[in-house]
Amino acid sequence: MKRRNFISKTTVAGVGVTFLGAYACKQTKKEEGKTEEVEETSPAEPFFELSLAQWSIHRMIRENGVDPYTFAEKAKKWGFKGLEYVSQLYNPELSDADYSEEAMAAFVEKSNAEAKKHGMENVLIMIDGQGNLAVSDEAERNETVEKHKKWVDAAAAMGCHAIRVNLNGSDVPEEWIQNSVDGLTKLATYAKDKGINILVENHGGLSSNGELHSQVMEKVNMENVGTLPDFGNFCMTRKPDSWECEVSYDKYKGVKELMPYAKAVSAKSNVFDSNGNEENIDYVKMLQMVKDNGYTGYIGVEYEGNVLSEEEGIIATRDLLLKAAQKVV
């Protein structure tokens with residue numbers, strides 16, 4: 001993806017902040033009774049662009065009744081340029097209409113209008129609840145491919161470069177790989193002519209096993225199939241009747257394995273320490289791997305915590321990304 005330079009403005013704690021490329025400003029330095037002006041360079045522009053994953057405001061939408069179509073307005077206010085939509089946040093509007101052609105067209109039209117109004121760029125759509133692409137039953141797998149096609153069409157009409165899919169299905173590694181290759185190949189073949197990439201996120205189950213996930217990428221071997229590495233989604237199994245993770249994959253190993261195929265990146269965050277760092281994820285280490293793979297596209301902020309409010313968590317994650325980027329070599 002070609003890098004787009006931009007200046008983003010936002011407000012933090014009532015103070016206007018402008019993120020610019022490297023620029024020099026003069027400051028006064030006093031030393032032993034002498035006063036002189038010295039040049040001080042501001043932090044360099046990060047090597048990536050900033051986008052916002054709509055999942056970061058899912059509680060606003062589901063619990064507080066916020067209109068999902070205000071996504072562009074909010075992302076603009078918080079200093080982002082790109083938009084990463086989440087399909088399930090437009091239910092029941094779309095699901096009640098059974099994702100009809102008319103309902104999907106209305107979704108596209110309204111989303112495009114809001115993005116244009118606020119000068120935002122549509123980046124991708126994260127697709128959930130549309131079936132299992134890695135299921136062993138071929139008929140079900142084919143049906144899932146068909147359900148995703150309407151989202152490929154929507155992404156193309158919105159100027160997105162990709163949709164994010166899940167590889168749910170078999171929990172037997174050999175079967176899962178074979179099923180995943182089949183489902184992705186069929187969907188990507190359709191999406192290729194539309195100019196849309198099919199991206200797989202590490203999103204639980206075997207998809208969070210970086211080694212197996214990368215094997216799928218190698219076997220599919222299509223230009224418009226890639227990964228969306230998420231810094232934090234490496235729980236492969238959870239305890240019965242609990243959200244607590246039982247078996248997890250090493251997050252740094254996983255991101256390293258997935259980055260060679262990445263066409264998008266998700267900066268997951270939950271809890272921050274007193275210095276503004278994510279307590280469980282070393283952002284500098286993650287961003288170094290991202291940069292080492294030559295990635296210069298969008299990194300999507302995806303705050304999932306419940307200590308800070310969603311707005312506070314989004315801003316904290318954005319600021320952490322910008323701070324960590326300065327320490328990457």
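Colleague: Why does arginine 164 count as buried?

Modeller: Its relative accessibility is 3%. Buried means under 20% relative accessible area, exposed over 50%, partly exposed in between (1.4 Å probe, protein chains only). So arginine 164 counts as buried. This is a predicted model: local features need pLDDT of at least 70, side-chain atom pairs count only at pLDDT 80 or more, and totals for chains, interfaces and linings use all residues. Residues are numbered from 1 along each chain as its sequence is written, and side-chain values use heavy atoms, with hydrogens and water left out.

Colleague: What makes glutamate 201 and arginine 164 a salt bridge?

Modeller: Their closest N and O atoms are 2.7 Å apart. A salt bridge needs a side-chain nitrogen of Lys or Arg within 4 Å of a carboxyl oxygen of Asp or Glu. The pair therefore forms a salt bridge. Glutamate 201 is in strand S9 and arginine 164 in strand S8, so the pair ties together parts 37 residues apart in sequence. Strands are DSSP runs (E, at least two residues), and helices are too (H or I, at least four), numbered from the N terminus.

Colleague: Is glutamate 201 buried or exposed?

Modeller: At 1% relative accessibility, glutamate 201 counts as buried.

Colleague: Why is glutamate 304 called partly exposed?

Modeller: Its relative accessible area is 31%, so glutamate 304 is partly exposed. Glutamate 304 forms a salt bridge with lysine 268, with the closest N and O atoms 3.6 Å apart. Lysine 268 is buried, at 2%.
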